[in-house]
Amino acid sequence: MAELPTGMISACEGREPLKLSAQVVVVGLGAGGGMVLRELADRGVDVLGVELGDYFSPEDMTLAEEEMLPRLFLEGASRATVDMSVSVMQGMGVGGSTLHNTSLCKRLPQGILDEWERLGLTGLGEELREDFEAVEEALNVHRIPDDRVNRNNELLLKGVEALGYQGGRLAYNRKLCQASGFCEVGCPNDGKENAARALVLPALKVGARVLVHARVDRVLHQAGAVVGVRGRARDPETGADGVPFEIQADAVVLSASAPNSAALAMKSEVPDPKGLIGSRLHMHPGAFVMGVFDEPVQGWLGVPQSAECTEFLEFGKGAKRRVWLVSGFAHPGAAAGLMPGFGPAHGALMGLYPHVAAVIAMVHDHYGGRVAPGPAERVNLYYGLPLSELEQVALGMREAARILFAAGARQVILPTAPPRLVEDMTEAAQLTAADLGPFSPPLVAVHPMSTMWMGVDPETSVVDPFGAHHLLKGLHVADGSLFPSSIGGPPQIPIYALARRVARAISL
Amino acid sequence: MLRALLRVRQRPEEVAHFVQTAGLVRAARLVARALGEPPPRPRDCPEWLVAVMDHCQARICRMDAEEAPEPREVGALEAALSFVEAMPASKEEEFQSLLALIEVAPYVFGPRRARFTALSGEEQDAHLQSWELSRLEGKRAGFRGLKSVAMMGFWTRPATFGWIQYSVAENPGVPERLRQEWAKREAVEREGVDHG
C-alpha cells in the first residue's frame, strides 16, 4: 500500500474512536468530490474529504486484473443490479471512477442542455460553458492524437466512415500516458489527469485534509440543518469494520456516486416527502458486440477507447434512436466473462481474442430504476429493462455488427443466450428486442446517475440547480446524482463541471 | 425467515431480491446441515465448497485442445477464491451459498440424483448448461456469477496468456520494472504448464 501524502490519514490508523471537525465534509473523492475539495481548499475553506477506498500511487498498480479490480471497484468489482443482469462497474479510492476510466471527455450535448432548460434549470449557458472551459484546462483535455488510436478503434472508425455514419475521434485528459492499455486496471504510468492527481493532491497542498479507509454511514442533522457525518473505518485488506468516527461540520457534500450518495441520504433520513431520492436511476446499460478479423487486432495494446459513433444518438423525449456506440475492450479475465458460453466452445472463442475488435452499444436510457440501501457500502439497484429499452439494445447491437462488418469482420459474435455467431449482416439484422432479456446479452453499466437530480421545484426535484438540497440546510450533492436525465455519453466532464459550480455556490 | 420476508416492503422485485440474497444464504445453511457439512463461512471457505468451485471451474474453463492450459494446473482455483474473498463478506457468503446449492441441485434438476461433485464431467456440463439457459432468472443469475469468477481465476493466470497471444511483459507501454516482473511470472507459469 502506498505511503499516504501529507494531509491524508487512514481511519484504520488508531484504535480509539476518531473525532474530527471541519467547515465542510466531502463524502467520496471521485470526479465530483475531488473538484469540490480542490475548489473549497483554494478558497481557504477548512475542508475534509472522506473516502471509502485506498489511496493509490502508480507503484501500487500491479496490472494483475484479479488483484486490482477488487481494489479499484466497489463491492470487489461484483456490484450488479439486484437481478444480476447488469454488472455495474463503479470506482472506489481517491480518484473514484477516474482511476479506472478510459479518460473520455465530452461536454453535455446541446440536446441534453435543451432538455434540462425545458425542465426549468438555469445557468446552463455561458456560466456552464465557463465551468467546462476551466475544467478542460485544469485536466489537460485535448483531442486524442492520431498516433494514439489503436487498431481496435481504427476499425470502428473505418466502419463508421464506410457507412457514412456520424462519428469520429474523441478527446481525453492525459498527460504522461505511455499507451500501456491498462487504464481499466489502474495506470502504472500515472498517465491520466485523474481526480486524484489533478485535484486531490493539489488540494492537500493548500490545506485540505483527507480521511481514507472510512465509510460514512450517516449524515447527521438536526433542526433542519446538517451537523456532520459519522461512520466506521474500513480495513482496506479485509473490508472489515474498524473504529467509529464522527466529524462535525457546517456543510456536507455528497459525492459518493449516484447509487451510494442516494443510499446514504436514505439511510440518514434526509427529508424527502415525495420519495424522490434514489428513484430515476439511469446507467447507460451497454452490450458488447465482437467482430472477428483475419488480421490481428490486439486491443490490449495502446489507448483502449478513442472512437465513437453518434449516428443513432438522439436526444429529447420522443427520441427514437438512443444508442451511443463506442469501442470496447477488456483484459482477458473480464473479457472471458463476457464471451458467451463455457467449456471448449468458449475456449475456442477465447482463442480468437487477439483478432477481436469490440463495439459497445450503450443505451441513453429513458427508463429509470431505483436505489435502496444495502448492508455497509452495498446498494440495491432495481433496474429491469422494459421493452422500449431492449429495442434500443437490439438497435445498438445490430448497428455495432453493421459497423464491424463494414470494417472487414469475417464474423460477428452477438452475445445472446444462446450466442449467435453471424457471418453477414442479413443474419445480424434479424436480431430484435424479442430475442433479448435478462442475461441475453449480459449487460454492463459504468455510468449510474440521476438519483438526486437538480430542479427548481422541490416537489419534483431533490436539489436546486446548484446542488443544494431543497429542504436540508447545508446538504449539497456533487456527483452524477445531479443529472435530471441520462446524458448519453461519458459523464466525467459534466460531473467535474457541475461540481465546480456546486462548490462555487457553497456559502459558509 | 418469514418475519424477515414480511419486513421487506411488498414490492415483487424486493421479495425476489430477498430470496436471492438472504433466502439463498439461509437455504445454503439448511443444505449444509442436511449434508453434515460446515455452513458457508466468509474469509474461510469450507473445503466442501472449495471442491464444488474446483469442479465447476474445471468444466467451465475446460478447453479441448491437447496443448491448452488446464485450470487445475495453473492455480486458477486459488485465484478465483481470492477474488471472491475481496468482495464484501456478505457477498462472499452469498457466493459460497450459491456453490452449496449447485452441489445439491442435481437432486432436484438432474441429470441424476447425486451431489454435483459426484457427477461425471459430461453430467456436470449438462447440469451447468441447465443453469446457464434456465427459464428461472435466479439460476441464470447464479450461473453468470459463477462463470465470471471462474473465468477471472483462470484467464488471469499467465500460463493462459500464450493461448491468446497476450503478454504484459511484451507490452511496450508498461514500465520496465513491471515488464521484468511479469516476464519472470509469465516464464515460470509457462514452464510449470509445459512440464506440469
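**Confidence first.** I am working with a predicted model. I noted an ipTM of 0.94 and a pTM of 0.95. For chain B I found an average pLDDT of 90, and 92% of the residues score at least 70. Where in chain B is confidence lowest, and where highest? I found the lowest in helix α1(B), residues 2–7, with a mean of 56, and the highest in helix α3(B), residues 47–60, at 98.

**Chain B as a whole.** I counted up the secondary structure and got 10 helices and zero strands. I boxed the C-alpha atoms along the principal axes and got roughly 60 × 35 × 30 Å. Of the 196 residues in chain B, 42% are buried. I also looked at contacts between residues at least 6 apart in the sequence of chain B: 62% of them join residues at least 24 apart.

**Domains of chain B.** The domain assignment gives domain 1 as 2–156 and domain 2 as 161–196. I took the centres over C-alpha atoms, and domain 1 and domain 2 of chain B come out 31 Å apart.

**A helix pair in chain B.** Next I turned to α7(B), residues 121–132, and α8(B), residues 137–154. At what angle do these two helices pack? I got about 115°, with the axes 7 Å apart. On the α7(B) side I listed Leu128(B), Trp131(B) and Glu132(B); they meet Lys139(B), Arg140(B), Gly142(B) and Phe143(B) of α8(B). The residues of this contact split into three nonpolar, one polar and three charged.

**One residue, Leu35(B).** I picked Leu35(B), which sits in helix α2(B), residues 12–35.

**Where the chains meet.** The contact takes 45 residues from chain A and 43 residues from chain B. On the chain A side, the elements giving two or more residues are α2(A) (65–72), α8(A) (332–338), α9(A) (343–351) and β19(A) (379–382). I noted that α9(A) gives the most, with five residues. By type, the chain A side divides into 24 nonpolar, 15 polar and six charged residues.

**Helix α5 of chain A.** I finished with a length check on α5(A), residues 151–163. With 13 residues at 1.5 Å a residue, the helix should span 18 Å; I found its end C-alpha atoms 18 Å apart, so the two agree. Which residues of α5(A) are buried? My list is Asn152(A), Asn153(A), Leu155(A), Leu156(A), Leu157(A), Gly159(A) and Val160(A). What covers them includes β7(A) (167–169), β15(A) (307–309), β16(A) (323–328), β17(A) (356–363) and α10(A) (387–406). Just after the helix, I found Gly164(A) with a positive phi of about 70°.

Methods: Residues numbered from 1 in each chain as written. Chains lettered and ligands numbered in written order. Predicted model: local features only at pLDDT ≥ 70, side-chain atom pairs only at ≥ 80, totals over all residues. Domains from an automatic or database assignment. Helix = DSSP H or I, 4+ residues; strand = E, 2+ residues; numbered from the N terminus. Expected span 1.5 Å × (residues − 1). Buried ≥ 20, exposed ≤ 12 C-beta atoms within 10 Å, placed from the backbone. Contact = placed C-beta atoms within 7 Å. Axes fitted to C-alpha atoms, helices over the stretch in contact; angles between N-to-C directions. Nonpolar A, V, L, I, M, F, W, Y, C, P; charged D, E, K, R; others polar. pLDDT = per-residue confidence, 0-100.
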